[in-house]
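Subject: Structure handover

Hello,

Here is the structure I promised you. Please open it beside this email and follow along.

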Amino acid sequence: MATETAEPAVGAAQHLELEDRIRLLRAMLLMRGIEERAMSLYRQGKVPGSFYDGYGQEAVSAGPAFAMAPEDRLCILHRDLAAHLIRGVSTVRILAQYMGRETGITRGRDGNVHFGDPRLGCVGMVSMLPDMMLVATGMAMAFKLRGEQRCALTWFGDGSTSRGDFHEAMNWAGVQRLPVVFVLENNQYAYSTPLDKQFAVDPVQRAAAYGLTGVTVDGNDAEAMFEATRAARARALAGDGPTLIEAVTMRMHGHAAHDDMKYVPKEQVELWRKRDPVDRQDSRLRELGVDVAAVRAAVLAEIDAATEEALAAPMPSAGDATADVFATGEAVPLGDGQAPWSGFAGRGEVSS
Amino acid sequence: MSSSPTETRAPGATTLVDVTMPQMGVSVAEGTVVAWAKQVGDRVEADETVCEISTDKIDTEVPAPVSGVVAEILVGVDATVEVGVVLARIAVDSASGELPGGGGAAAPTPTAAPTPTAGPAPTAAPTPGAAPPPHVAPVSGAPAVNGASHRRYSPVVQRIAAEHGIDLSVVPGTGRGGRVRKQDVLALVEAAPEAPMHIESPYRPDPVPAGSGGQLSRMRRQIGAHMKRSLETSAHCTSWIEVDMTRVQSARARLGVTALPFVASAVIAALREHPQLNASLEGERYTQHAAVNLGIAVSLGEDGLIVPVIRAAHELSVEGLATRIRDLAKRARTRALTPDEVRGGTFTITNPGQYGTIMATPIINQPQVAILDLEAIVKRPVVVTDADGNDSIAIRAMTILGLSWDHRALDGALAAQFLASLKRGLESV
Amino acid sequence: MPTMTYLQAISSALRDELRADERVFVMGEDIGVFGGAFKVTDGLFEEFGPGRVMDTPLAESAIIGTAVGAAVVGMRPVCEMQFSDFISCGFDQLVNVAGKMNYRQGLAVPITVRLPSGGGFSGGPFHSQNPEAWFMHSPGIKVVAPSTAEDAKGLLHTAIHDPNPVCFMEHKHLYRRIKGDVPSGIYETPMTARVARAGSDLVVIAYGAMVHVALEATEDVDGASIEVLDLRSLVPLDSDAILDSVARCSKVVIMDEANATCAAGAQVAALIAEHGFEDLDGPVVRVATPDVPIPFSPPLEQAVLPSVERVREACRELLAY
């Protein structure tokens, strides 16, 4: 249960095929490309409200999501778009969601990245952070009560560790030894608040205090993130309790589109630019002889097609505004998502 | 002849009275406004000229039916409109209190439609106009907009009163500070008076709140005024005839009705033989009517009298008449008659026989020329002559029919002949 | 049909559900081994074990939040707040996560939150509250408040079967004071109002413990015929039943044990003013606890909670209006 630093290279090589590594890049390229396109649409007035992205931290969501099995369950946060993509949410639905269209995942009921396709095992976030830590803890609790070999995973930011729900979730998961993986996205800032105003002790150090395993990982290395999560999942399924993975990264854009992040020292930004996760995976694959340009081109084509389709999608009708506050009939639980990691191949039909 | 004021009540307090295009002669169908003597906002006194009109027959002035302030002018100068069209509306002073006294027109001219409304804003109201208010029930429940009482009525009380045409100003309140509670107005609805038929008054005057003792009530004064007017107008004579009602009694028992529909049917038949009694006399204008619109007097107890009219009664059988009489009487008592049902009568029957009185001198319902009174049917020993001419004493159900008639329109001989036809009809049922 | 107390009826519902549906489990503080602060869950741990009857950490937000998580993966958690007052610590999870989830994400959250509510025994400000209005005001949450043993069991079954978050307001004062015939087995009481006593001159609308205060207060008020309408369900609110009583009685007294401002009764009064206006023969009168924290010392507590005398007097005055 000590705090460790995961070794990226060794572990990853053991468990990732070339196809997997390309998929990781693709997911990150798609995330970045969608967010850039959406930002452009936002500036054209086509995306209402505010716009958040995870520029510069794409690996934080791509890696862990890649390690999740179809029957696992995810609570995904606003800078974790790659997780939705890996689970199987289509690009066009994401763009429609940003633009508040009827065909978005929430049909216009909630905005920007406040979505989760229940059919793919994803729970849509709320704004109060880190509320979703408790939901993930509860899902893991159910898996344990029923003796199932499944785990739950959630992301949350450095700032949210200051709220009570962080403590309650860590404590609960620790005392019940639940199969849950907590991914702490330490991207150095909570809006404008830097770490030294947020906590006296690095949260990963608190893991031991709650009876959890704590691991610090290079958040900008998709394969390292994958490996740490894969190990955490194995730990959980073996009954060895939850893991707190601290993904160290940097939020390269402002808190949201309306934030110019003047409070971030330029040197810090420059430093992290050199560690860009997409660039790193790109380089890695080029070294392995992969036609990365083709991958990029395919991603761009997908985004272009999706943009056109999403722009043509209808807005929701006003008459629907008050519908479906309450569920009727039988409650339908979350379904299974996609799990493209080769390690899940040959497990039989993915149940939905 | 004068305009028939109709009244609408705007939600709130003001009463608006209509000024309509008058009918200047029987054949006149329209008139043209020549000039407006008053503008919107001008004060006008009752009878003061509101506008000048021109018709085929005559050019004349239209007087205001009430005092108040001109609220609306609806027809412009040189516009030609049909008789009865509203030309202007006058907002009545609520403090002006008393309605102007009856304008003498004997014809029961109902004005407002007594439509019961569910909402708190009622539509019907007693006419403050020249013609005394019609035989319509005393107003659907309304917040008493008279300056006199500042009573407020709760929504449910207003609704119930409107539905049953009850005048809330006469309902005693047992609630706090004397307010009318739901049960107070319900008590009035449930206690429909089983009252006998009396000599009717065609007028439905405004009842006043209880407690004005010492003087005649307004209602009584108005009934009195009408009766006096009738007596002063017609040359009243009354003739009587005894009628053996035994056959009628068995026939009516079989049908499950009262004697009245039989009498009505016989009256209609007799009027066919003697149409001069199915007529109106207004001033010197005498009109015989083809149709028999039979008025049947209904007592409303303390609230007075009303004469609902069975239109085209000549088309109805005894059963049909019985049904119509029952329906009209019921709706008369619940204040649910329509204006058409209280006007246009050509002959009236009054039937107050429940208390056992045997004869009366009824007063003619203007502008008719006769009225028939049916009193109690009493078993008496009478002489009956059989086919062979033998006399014996038998017990027969007898009544005395009284006919008051206007000597200006007919003579005693005709009246007697009419009664004889009536007797024949009833004794051969 | 067995007779049981209000508390026994609730236990019976929990037991029957645990037996019938393996998805159901109960969770809360001290409910397992200890049998619960009020002994509602007494005996359940022995029968069903820690997997179905869970002693949780002292963490209301987590109780609700983890219940949401368990519910969306197919379980039917029945959470207990030890006192309804402590729901304030779990407010965010209940209102923002549970309540809004179906509307936003099309994901049903079938949780039940049992809230032992109400005062009358010197519980003081933090053990006597009636917080239902907070959740009537939050879209996506249903709220029920039984007043009889039979309804307590039936409504708890209904709540557990409902695919939405349901706040079950169980009144502590009624736990052992109210007894009644309760059908055996699983049955559902609908989320509708119930005429506790029919009448025609005036209706007292109440729920929870106040139903019993209303019945006692209106047994004989100068011979008047007084109806008592037990709301039973606050969300959904049975407007048809409310307006029907108003149509027949025309005079209304609404009771709240909760603090008057924006209590459930205020919503009922607004409903009547808008939709029952033409049936009213008097102002809509409310008898509610004033806007004070519930005091501890008995004379203070008696002074604020609606009493039989206060209701009777309000009825008397309104009848005479």
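Two strands pair if DSSP finds at least two bridges between them. Keep that in mind for strand β8 (residues 213-218) of chain A and β9(A): they pair in the parallel sense over six bridges. One example is Thr213(A), which stands opposite Thr243(A) in β9(A).

A word of caution before we go on. This is a predicted model. The predictor gives the complex an ipTM of 0.92 and a pTM of 0.66. Chain C averages a pLDDT of 97. In that chain, 100% of the residues score at least 70. Where pLDDT is low, predicted coordinates should not be read in detail.

**Chain A: around β9**

Stay with β9(A) for a moment. Strand β5 (residues 180-186) of chain A also pairs with β9(A). That pairing is parallel too, over six bridges. Here Leu184(A) has Glu246(A) of β9(A) as its bridge partner.

β8(A), helix α9 (residues 222-237) of chain A and β9(A) form a β-α-β unit. The unit is right-handed.

Why is β9(A) described as largely enclosed by the rest of the structure? Count the buried residues. A residue is buried if 20 or more other C-beta atoms lie within 10 Å of its own. Six of the six residues of strand β9 (residues 243-248) of chain A are buried, so the strand is largely enclosed.

The side chains are worth a look here. Thr243(A), Ile245(A) and Ala247(A) point one way from β9(A). Leu244(A), Glu246(A) and Val248(A) point the other way. All of them are buried, Glu246(A) included.

**Chain C: a mixed sheet**

Now move to chain C. Seven strands form an open sheet there, in the order β3-β2-β4-β5-β7-β6-β12. The pairing is mixed. Which strands are the edge strands of this sheet? They are β3 (53-55) and β12 (233-235) of chain C, and each pairs on one side only. Neighbouring strands are turned by 20 degrees against each other on average, direction ignored.

Look inside the sheet next. Strand β4 (residues 76-80) of chain C runs parallel to strand β5 (residues 112-117) of chain C, and three bridges join them. Val78(C) has Thr112(C) in β5(C) as its bridge partner. α3(C) packs on the sheet and touches β2 (24-28), β4 and β5 of chain C. The direction of α3(C) makes about 170 degrees with that of β4(C).

**Where the chains meet**

α3(C) turns up again at the contact with chain A. There, 32 residues of chain C are in contact with 39 residues of chain A. On the side of chain C, α3 (60-72) and α4 (91-105) each supply at least two residues. The largest share, nine residues, comes from α3(C). How do the residues on this side of chain C divide? There are 17 nonpolar, 13 polar and two charged.

Chain B also touches chain C. That contact takes 10 residues from chain B and nine residues from chain C. Helix α1 (residues 155-164) of chain B gives the most to the chain B side, with four residues. The chain B side divides into four nonpolar, two polar and four charged residues.

**Chain B in brief**

Chain B has seven helices and 20 strands. Of its 429 residues, 45% count as buried. Among contacts in chain B with a separation of 6 or more, 65% come from residues 24 or more positions apart.

Best wishes

Methods:
Residues are numbered from 1 along each chain as its sequence is written. Chains are lettered from A and ligands numbered from 1 in the order in which they are written. This is a predicted model: local features need pLDDT of at least 70, side-chain atom pairs count only at pLDDT 80 or more; totals for chains, interfaces and linings use all residues. Two residues are in contact if their C-beta atoms, placed from the backbone, lie within 7 Å. Ala, Val, Leu, Ile, Met, Phe, Trp, Tyr, Cys and Pro count as nonpolar, Asp, Glu, Lys and Arg as charged, and the others, Gly among them, as polar. pLDDT is the predictor's confidence in each residue, from 0 to 100. A residue is buried if 20 or more other C-beta atoms lie within 10 Å of its own, exposed if 12 or fewer, and partly exposed in between; C-beta atoms are placed from the backbone. A crossover is right-handed if, with the strands pointing away from the viewer, the path from the first strand over the helix to the second runs clockwise. Axes are lines fitted to C-alpha atoms, for helices over the stretch in contact, and angles run from 0 to 180 degrees between N-to-C directions.
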